[in-house]
Amino acid sequence: MIDEFKTFALKGNVVDLAVGVIIGAAFSRIVSSLVEDVFTPLVGLVTGGLDFTNYFLPLSSAVTATTLAEAREQGAVIAYGSFVTATINFLVVAWVLFFVIRGINRLRARQEAEIAVSPTPPAEPEIPADVKLLSEIRDLLASGPEKISRTEADRH
């Protein structure tokens with residue numbers, strides 16, 4: 001059972017998946033920073049100070065805070081601004097992955113086209129005359145002595 005698990009765990013697909021998950025987690029942080037530090041402030045600039053991060057709906061009358069962090073300390077809230085930010089994160093990731101996959105597909109198509117149009121392999125090199133002669137001698141020796149004597153008679 002341990003050997004079977006080792007075989008499964010060390011297969012290329014499992015290792016590739018693990019690498020993909022790790023890279024995906026790092027990429028997620030980059031996208032989160034891009035949305036929170038670049039897009040959200042730009043949206044706020046364009047919309048006159050709109051900031052999604054502090055948009056929430058209090059579920060209790062005890063919540064009187066104006067920021068999400070303070071409101072969470074006072075009671076239960078629905079942080080729909082965080083949801084909007086997560087949605088923007090998703091859209092940015094999907095958009096970037098769309099362009100990455102699109103680029104990969106174009107490269108594959110180009111590579112397949114190059115393979116389909118690749119020149120034919122070079123022709124076999126010409127066999128030198130001495131190799132041809134030695135091949136004929138070998139064939140004559142293999143065919144038997146009567147053929148050799150007739151060939152010598154033909155030459156004289």
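A residue counts as buried under 20% relative accessible area, as exposed over 50%, and as partly exposed in between. By this scale Tyr55, at 30% relative accessibility, is partly exposed. The structure described here is a predicted model.

The model contains four aromatic pairs. One of them joins Tyr55 and Tyr80 in an edge-to-face arrangement, with 5.8 Å from centre to centre and 70° between the planes. Tyr55 belongs to the loop between α2 and β1 (57-58), whereas Tyr80 belongs to helix α4 (residues 80-117); the pair therefore ties together parts that are 25 residues apart in sequence. Tyr80 has a relative accessible area of 39%, so this residue is partly exposed.

Another edge-to-face pair is formed by Trp95 and Phe99, at 4.9 Å centre to centre and with 80° between the planes. Both residues lie in helix α4, where four residues, about one turn of the helix, separate them. Trp95 is exposed, because its relative accessible area is 54%. Phe99, by contrast, has 39% relative accessibility and counts as partly exposed. Together with Phe98, Trp95 and Phe99 make up one aromatic cluster.

**Salt bridges**

Two salt bridges are present in the structure.

| Lys132 | Glu126 | 3.3 Å |

In the bridge between Lys132 and Glu126, Lys132 is partly exposed at 39% relative accessibility, while Glu126 is exposed, with a relative accessible area of 65%.

**Helix α5**

Gly144 follows α5 and has a positive phi, near 120°.

**Nonpolar surface patch**

A nonpolar patch on the surface is formed by Leu34, Val38, Phe39, Leu42, Leu45 and Val46, which together have about 560 Å² of accessible area. Of these residues, Val38 is located in helix α2 (residues 12-46). Val38 has 38% relative accessibility and therefore counts as partly exposed.

How values were computed
Residues numbered from 1 in each chain as written. Predicted model: local features only at pLDDT ≥ 70, side-chain atom pairs only at ≥ 80, totals over all residues. Heavy atoms only, no water. Helix = DSSP H or I, 4+ residues; strand = E, 2+ residues; numbered from the N terminus. Salt bridge = Lys/Arg side-chain N within 4 Å of Asp/Glu carboxyl O. Buried < 20%, exposed > 50% of the residue type's maximum accessible area, 1.4 Å probe, protein only. Patch = residues over 30% accessible without salt bridge, like charges linked within 9 Å, V, L, I, M, F, W, Y side chains within 5 Å. Areas by Shrake-Rupley, 256 points an atom, 1.4 Å probe, with all protein chains shown as cover. Phe/Tyr/Trp six-rings, centres within 6.5 Å; stacked < 30°, edge-to-face > 60°.
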